[in-house]
Amino acid sequence: MNHTPPLPAPRASALPPAFEAWFAAKGWAAHPHQLEMLDAARAGRSALLIAPTGGGKTLAGFLASLVELAEDPRAGLHTLYISPLKALAVDIHRNLTAPIEEMGLAVTAETRTGDTPSSKRQRQRKKPPHILLTTPESLALLLSYPDAGEIFAGLRCVVVDELHALAGTKRGELLALALARLATLAPEARRVGLSATVAHPAALEAYLSKTGRAPAPDVAVVRGGEAAQAEVKILLPSGPGAGGEKDEERLPWSGHMGLYAIDRIYAAIRAHKTTLVFVNTRAQAELFFQALWHANEEHLPIALHHGSLAAEQRRKVEAMMAKGGLRAVVATSSLDLGIDWAAVDLVLQVGAPKGTSRLLQRIGRANHRLDEPSRALLVPANRFEVLECKAALDAMRAGELDGDAPRPGGLDVLAQHVLGTACAAPFDPDALYAEVVAAAPYADLPRETFDAVVEFVRTGGYALQAYERFQRVRETEDGRLEVADRRVAQSYRMNVGTIVEATTLKVRMGRGRILGEIEEYFVQWLRPGDTFLFSGRLLTFQGLRETFVECSPGGEGEPAVPAYMGGKLPLTTQLADRVRTMLEDSASWPTLPGPVEEWLELQRWRSVLPKADSLLVESFPRADREYLVAYTFAGRNAHQTLGMLLTRRMERMGLGPLGFVATDYVIAVWSVKACEDMDALFDQDMLGDDLEEWMAESSLLKRTFRNVAVIAGLIERKLPGHEKTGRQVTFNADLIYDVLRRHQPDHILLQATREDAARGLTDIRRLSDLLVGVQGRIVHRRLDRVSPLAVPVLLEVGKEQVAGGAVEALMDDFAETLVQEAIGGPMQASLQI
């Protein structure tokens, strides 16, 4: 069994007799990794368990706690279980109750979430159960009470489930700080991390360590046995695309919905007991669910589950699934994590998975048994997604996981934690700093940055210190810091947490008629004067006033900025590299579906294929416009930022840019004049002044600041008796943002805002890596017409210029026209694509 660092030799009697008898009565034998986890606990060490779904991770995490409580009964809280999902905590509680009752253990286990009645929460503080299953937010709340030291004094273990899903997120940062606080209140408590998919084990080892660093002598890394190889296939149209299949089953050139395959997906659902249908966005979930209902001739029980639905509706769906009462559920990432539904025997991923780790996590929802393979079907929504699905399968079979390593901790989260600590009791800044840097996300936090955060919590900062409401902590006579008054503590407890709900903005003509609502994500990219399509009409963006997008009718030229399309989860760097390698390696093409192989052959004939060590840029004229298509493969977020910067530079070069469209794979810009100097256009210096100017002009920083200010507690969403509207929160945030920019541009929250923007929607790091890597390696192909590889992104351009109910028919015609242009010539007669 692989583990790092090595564990001491196993003890003679691993399981007490009652536990041995319980396993035997079930017809089970304890897995080796479950016994290793027990050995680690007996040695007083924390442990990271990496084991496949169905390998008994949950029991392994709790086994040592149950044994300790059976051998040495005691009152008070013994074990905390932290789940990223409320539903998962409830599910684990149900599964944990069985062994406790069947072995007759005098052990109490309860859940505590935002849905727990107030009376029960009060009782849990006075008389906590032995095992408490909760969430990061509820733990932060418990730690803010004056009696936190009493509640956690006897704590012996903290179990963090689905650790990979928390590490690297703001919720994970809040939890890491809570673990550091618990290490002070309960120094003997060990930590247990459970995860099935781990791309960066050293980062998770550091997360669990009380030093915040890896390698960590206090953390054992235990690996479970291998699961049966998953059976995963790509679902494709039956024919080659030239008449063998129905028109609606042709593999689309572009799009993200995968609706062409609805009949085949319904057939797969009929052929299995219970199917989970994963899609990438909530909008796609709604559309796909409706399409399935239209195809549901047998009236099978099919449900919908995503984060925007009411909690009551989600719980009903989860309960029905647990009882085996549904044949299928269409879901987003709301069901990625390990709720144990043993009846699920098929997972469908509609649309490319965007990452191998994410795909494995979703596939693991089927067949929670080590000895039976999970079964899954991938449904690519377009031709580029066929390549991505194939790359994901190859990576999965090679055992490669992907995803970025956890980032340094956010300063807004730290500010929230500092205030929460003060709510519980006065603290010494030196002692708190020592505690904070023992949390992995903050291990490298400079003392001056910590002091700036504390000063912000104490006074609001130089620009805000005249306002009493921003003075939330005060100094005591002995130099410690305490909460300023009860109102501050009450406000903290009402607003604790890092989840800030995304908002929609109302689109209106000037200050008059409301046309509808649009995702704020889209508006973040607009500048005054940009045009866009909404509600079937062309509009000119005038500006953002609180939560209203003010527009005027019409505008010059074509829409300059694309509407939001597809998932917000960008293609991972590792998967993008595999797709590039596949494109370059023609020897791998015969393993692809016929239409896709022919598509790549056509590209090689008409132009060239992108290579992994260079940037291919094609330019060509079409319909009195000049098009530039760059095959950057840096993900949608980085491409959106690149599009903004390219169009700014093209304006200065006098090329008359008219707009751009970004996908996960490529970016297309159209303009009045052609660009001839690609090296100058893609020079990495655009990440300097150009980036700063654009970010200052756009609403991106303002909206990012709002989220940062809410998390840091500068703006209170919930007040006694009422909750602020999104409009009120935005109005307050905008006022404070403007004040800080003018009077204290180095304010700690502005620093946090820039860091969030750079690693979030703009993905500056990935864009920087791209631009640095292609300097001197740009391959420009000037063509007389669109290339086959550029057809999908030009169809995305076409979607931006077509509105109304006829969009599908018009786009089909446009696709046919583009394809004929791309393949026109001597090869056309021999290829059926």
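This is a predicted model: local features need pLDDT of at least 70, side-chain atom pairs count only at pLDDT 80 or more; totals for chains, interfaces and linings use all residues.
## Ground rules

On a 1 Å grid over the protein atoms alone, a cavity is a set of points where a 1.4 Å probe fits but cannot get out, and its lining residues have an atom within 4 Å of a point. Grid points are joined across faces, edges and corners, and a volume is the space filled by probe spheres set on the points.

Residues are numbered from 1 along each chain as its sequence is written, and side-chain values use heavy atoms, with hydrogens and water left out.

## Cavities

Searching the whole structure turns up 8 cavities of 30 Å³ or more. Helices here are DSSP runs (H or I, at least four residues), numbered from the N terminus. Both α15 (383-397) and α30 (791-799) supply at least two residues of that lining, with α30 giving the most, 3 residues. By class, the lining splits into 6 nonpolar, 4 polar and 5 charged (Ala, Val, Leu, Ile, Met, Phe, Trp, Tyr, Cys and Pro count as nonpolar, Asp, Glu, Lys and Arg as charged, and the others, Gly among them, as polar).

The second largest cavity comes in at about 80 Å³. Around it sit A140, L143, L174, A178, R181, H417, G420, T421 and Y492. Two or more lining residues come from each of α6 (136-143), α9 (170-185) and α16 (411-424). This lining has 5 nonpolar, 3 polar and 1 charged residues.

## Aromatic pairs

There are 14 aromatic pairs in the whole structure (Phe, Tyr and Trp rings, the last by its six-membered ring, with centres within 6.5 Å; planes under 30 degrees apart are stacked, over 60 edge-to-face, the rest tilted). Take F289 and W293: their ring centres are 6.0 Å apart and their planes at 90 degrees, so this pair is edge-to-face. Both belong to helix α12 (residues 282-295), 4 residues apart, about one turn of the helix. F289 is buried at 12% relative accessible area, while W293 is partly exposed at 37% (buried is under 20%, exposed over 50%, partly exposed in between, with a 1.4 Å probe and protein chains only).

## Cluster and charges

Ring pairs also tie W253, F384, W599, F633 and Y665 into a cluster. The charged end of R383 sits over the ring of W253, 4.0 Å from its centre (CZ of Arg or NZ of Lys within 6 Å of the ring centre and within 35 degrees of the ring normal). R508 has its charged end over the ring of F548, 3.9 Å from the centre.

Technical notes: On a 1 Å grid over the protein atoms alone, a cavity is a set of points where a 1.4 Å probe fits but cannot get out, and a pocket is an open set with protein on both sides within 12 Å along at least five of seven lines; lining residues have an atom within 4 Å of a point.
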